[in-house]
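Q: Hi! Could you walk me through this one?
A: Happy to, here it comes.

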Amino acid sequence: MSNEVNLDIKPLTGSCGAEVFGVDIAQPLSDGTVAAIRRALLDHGVIFFRDQQLEPETHRAFTKRFGEVVINPVYGHVEGYPDIMPVVKEATDKYVIGDTWHSDMSYMEVPPLGSLLYAREVPDFGGDTLFANMYMAYDYLPAPLKEMVEGRKAWHSDRFLTSRVAERNAGRSTRLRTDLEAKENLALHPMVRTHDETGRKCLFVNYPFTWAIEGLSREESLPLLNQLYAHCSRPEFTCRFRWRKGSLAFWDNRCTMHYAINDYPGKRREMHRMTVAGTRPQ
Ligand code: SIN
């Protein structure tokens, strides 16, 4: 293991996303290299590694360099690996997971720091993933809207997923667990969050999981929430990643959202996702 840090970081857009070259993440990495990767994540919101050869053990070893691994509470796992979530679309499937702009598991009291998604099989085209920079979404929010969200909190819930398990599992190979307890995962989070490492403010609301603004009903909340969702996904705040077999995306779940594009009917895509523990949003 060397302490040499020789990363070559190439930003993809003016908003977020950078490819990181010059590192084989299946190998044991020096603390300096891990710190440089973390810096790239903080600088770009989502980073991408190409042509990596990861097995579940090496995927896990790399993930653990960034924190505790979190087990997804609602989806199944790869056999023998409770902490690895399969994200699979079979050629015969109609649906995928993640095809709305979202921040992973924001319905948890302590949502994850980030996820590391590794491509094992991808279609020759289609199946890209979009990412959005939520710092920019906050920075460019018109002042009257900023006033409406600043200091406010919103409820986040997993009911979008768990209320229609059978319907969602039909036609989709990434299955929700069917043994879920009736108890809802519900958490109250600030609508504007201060990133615990960069100190920057970002919007923290997302379509599937933000249920209602504190003190308002869902119906009363939706006009403002829908306006925020439309704003957050402006193309100027986003990047689009084209996968290849062996690509790994590592996104900062605190300050980005992502969207999996379901545009590859009849083709197979298989990914493994691992997730790192975060801190309570402040
Ligand atoms: C997800 O984690 O939301 C899925 C992303 C993807 O399949 O590209």
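Q: Thanks! What sort of model is it, and how are things counted?
A: It is a predicted model: local features need pLDDT of at least 70, side-chain atom pairs count only at pLDDT 80 or more, and totals for chains, interfaces and linings use all residues. Residues are numbered from 1 along each chain as its sequence is written, and side-chain values use heavy atoms, with hydrogens and water left out.

Q: What percentage of the residues count as buried?
A: Of the 282 residues of the chain, 51% count as buried. Buried means under 20% relative accessible area, exposed over 50%, and partly exposed in between (1.4 Å probe, protein chains only).

Q: And the secondary structure, how many helices and strands?
A: There are seven helices and 16 strands. These are DSSP runs numbered from the N terminus: helices are H or I with at least four residues, strands are E with at least two.

Q: Changing topic: is threonine 238 buried or exposed?
A: Threonine 238 is buried, at a relative accessible area of 16%. This threonine 238 belongs to strand S13 (residues 238-241).

Q: What lies 2.9 Å from a polar atom of its side chain?
A: For threonine 238, that is the backbone oxygen of proline 235.

Q: Which residues is threonine 238 in contact with, leaving aside neighbours within four places in sequence?
A: Among them are Thr13, Cys16, Trp101 and Phe131. Contact means heavy atoms within 4.5 Å.

Q: Where does threonine 194 lie, then?
A: Threonine 194 is in strand S10 (residues 192-194) and is partly exposed, with a relative accessible area of 34%. Apart from neighbours within four places in sequence, threonine 194 is in contact with Gly199, Arg200, Lys201 and Gln282.

Q: Which residues other than glycine have a positive phi?
A: Aspartate 51 has one of about 55°, and methionine 105 has one near 55°.

Q: Where are those two found?
A: Aspartate 51 is in the loop between strand S3 (46-49) and helix H2 (56-64), and is exposed at 57% relative accessible area. Methionine 105 is in the loop between strand S5 (85-89) and strand S6 (114-121), and is buried at 4%.

Note on methods
A polar contact is a pair of N or O atoms within 3.5 Å; within protein, one must be able to donate a hydrogen and the other to accept it, and residues adjacent in sequence count only if both atoms are side-chain atoms.
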